[in-house]
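Colleague: I am new to this structure. Please walk me through how to read it, one feature at a time.

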Amino acid sequence: MERSRLETAAAPGRPRSPEAHEAILRAAIEVIRDVGYDAAAMDGIAARAGVGKATVYRRWSSKEALVADAIERIMVSRVVPDTGTTRGDLRAVMRDTMRMYHDPQTTALLSGLVAAMARSEQIADAVRSGFVAARRETTRQVIERGIERGDLRANTDIQLALDLLSGPLLLRALITGAPIDERLVRGVADAVLAAFAP
């Protein structure tokens with residue numbers, strides 16, 4: 001849709017493009033955190049963003065398309081830690097993930113998105129290529145540097161290592177409810193180092 005049409009879409013007193021666009025994306029994530037993906041409605045997202053429902057539908061034809069775009073907004077490039085040791089780097093990555101899970105809104109958001117992923121390939125692709133990919137890329141670089149240092153064996157299965165590092169935290173966050181704490185961070189990092197030791 002042409003920019004000129006978007007810029008005239010908002011009613012007086014409401015956010016205008018591109019501010020309206022950003023407000024809608026933020027609102028979509030906030031509403032999913034509050035009520036889950038299934039209960040999130042375009043009306044509610046529009047109200048949270050302070051725009052009319054028509055403004056939302058001019059940009060996205062469905063909730064699925066809107067949420068897929070909103071997921072990209074929360075993708076954050078992460079700094080690759082360099083503590084001087086692979087053990088320290090892995091623990092640093094794990095602590096960053098632990099802090100993410102300690103945010104109460106994270107679990108609400110993830111549980112809603114995981115449920116939506118099972119039914120929507122568009123949502124699944126957005127989650128996998130968005131913030132999940134960004135976090136895994138950071139850890140991948142730590143593992144590859146560990147191989148170069150000789151701390152991990154040359155034929156380390158990087159995909160398996162990535163799964164082993166992220167799986168326990170996700171399991172505790174969404175399934176068991178067990179603590180995501182420093183003991184877990186150290187235990188998982190040390191287990192992966194032992195599993196792929198030269």
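**The nonpolar core**

Modeller: Start inside. Of the 56 residues in the largest nonpolar core, the ones that touch the most other members are Ile 24, Val 56, Leu 66, Ile 71, Ile 123 and Ile 143. A nonpolar core is a set of buried Ala, Val, Leu, Ile, Met, Phe, Trp, Tyr and Cys residues joined through side-chain atoms within 4.5 Å. Buried means under 20% relative accessible area, exposed means over 50%, and partly exposed is in between (1.4 Å probe, protein chains only). Helix α2 (residues 19–35) gives the most to this core, with nine residues.

A word on the source. This is a predicted model: local features need pLDDT of at least 70, side-chain atom pairs count only at pLDDT 80 or more, and totals for chains, interfaces and linings use all residues. Residues are numbered from 1 along each chain as its sequence is written, and side-chain values use heavy atoms, with hydrogens and water left out.

Colleague: Which residues does Val 56 touch, not counting those up to four places away in sequence?

Modeller: A contact means heavy atoms within 4.5 Å. With that rule, Val 56 touches Ile 24, Met 42, Ala 46, Val 51 and Leu 66.

Colleague: How many helices and strands are there in the protein?

Modeller: Both are DSSP runs, numbered from the N terminus: helices are H or I with at least four residues, strands are E with at least two. The protein has 11 helices and zero strands.

Colleague: What share of the residues in the protein is buried?

Modeller: Of its 198 residues, 41% are buried. The accessible surface comes to about 10,300 Å², and 52% of that belongs to carbon and sulfur atoms. Such areas come from the Shrake-Rupley method with a 1.4 Å probe; for residues, only the protein chains shown count as cover.

Colleague: Is Leu 152 buried or exposed?

Modeller: Leu 152 is buried, at a relative accessible area of 4%. Its place is in the loop between α9 (131–149) and α10 (158–176). Leaving aside neighbours within four places in sequence, its contacts include Thr 86, Ile 143, Val 192 and Phe 196. Thr 86 is 66 residues from Leu 152 in sequence, yet their C-alpha atoms are 8.6 Å apart in space.

**Charged pairs**

Colleague: How many salt bridges does a search of the whole structure find?

Modeller: First the idea. Side chains of opposite charge can pair when their charged atoms come close. The cut-off for a salt bridge is a side-chain nitrogen of Lys or Arg within 4 Å of a carboxyl oxygen of Asp or Glu. The search finds 16.

Colleague: Which residue does Glu 182 meet at 2.7 Å, N to O?

Modeller: That is Arg 95, in a salt bridge. Glu 182 lies in helix α11 (residues 182–195) and Arg 95 in helix α6 (residues 86–102), so the pair ties together parts 87 residues apart in sequence. Glu 182 is partly exposed at 28% relative accessibility, and Arg 95 is partly exposed at 24%.

Glu 182 also meets Arg 186 in a salt bridge (2.9 Å, N to O). Both lie in helix α11, four residues apart, about one turn of the helix. Arg 186 is partly exposed, with a relative accessible area of 36%. Elsewhere, salt bridges that share partners join Asp 82, Asp 89, Arg 145 and Arg 149 into one network.
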